Amino acid sequence: MEKVFPSAEHRFCLRHIQENMKKQWKGKDLSDQLWECGRATTVNHFNRAMDELKKINAEAHAWVSKIPANTWAKSHFSGKFLEIY
């Protein structure tokens, strides 16, 4: 991919992050909060959502925090789009 699209950003699928998280920590509240974090459109909203995630499950929060936010959270995406001609 890097050879064909050198300026493309690498991102992770939030559904797959959720599925991996569910292997260790289960619960609808936790999953819903993860999606709240991923869908947040501002950094402030993301930070508040992550704080709520931590209240629900501190271990899951620590695990998710190891994944760079710019690879899975809308609030941290650069906004650049790849143009293909």
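## Basis of the model

This is a predicted model, in which local features need pLDDT of at least 70, side-chain atom pairs count only at pLDDT 80 or more, and totals for chains, interfaces and linings use all residues. Residues are numbered from 1 along each chain as its sequence is written, and side-chain values use heavy atoms, without hydrogens and water.

## The buried side of α4

Helix α4 spans 58-65 (helices are DSSP runs of H or I, at least four residues, numbered from the N terminus). Ala 60, His 61 and Val 64 are buried in α4 (under 20% relative accessible area, 1.4 Å probe, protein chains only). They cover an arc of only 105 degrees around the axis, so they sit on the same side of α4. That arc is taken from the directions from the helix axis to the C-beta atoms.

The buried residues of α4 pack against α1 (14-22), α2 (28-39) and α3 (43-56). Contact means heavy atoms within 4.5 Å.

## How α1 meets α4

The axes of α1 and α4 come within 11 Å and cross at roughly 140 degrees. Axes are lines fitted to C-alpha atoms over the stretch in contact, and angles run from 0 to 180 degrees between N-to-C directions. Ile 17, Asn 20 and Met 21 of α1 meet Ala 60, Trp 63 and Val 64 of α4.

## After α4

Thr 71 lies in the segment after α4. Thr 71 is buried, at a relative accessible area of 10%. Not counting residues up to four places away in sequence, Thr 71 touches His 10, Arg 11, Phe 12 and Phe 77.

Note on methods:
Helices (H or I, at least four residues) and strands (E, at least two) are DSSP runs, numbered from the N terminus. Buried means under 20% relative accessible area, exposed over 50%, partly exposed in between (1.4 Å probe, protein chains only).
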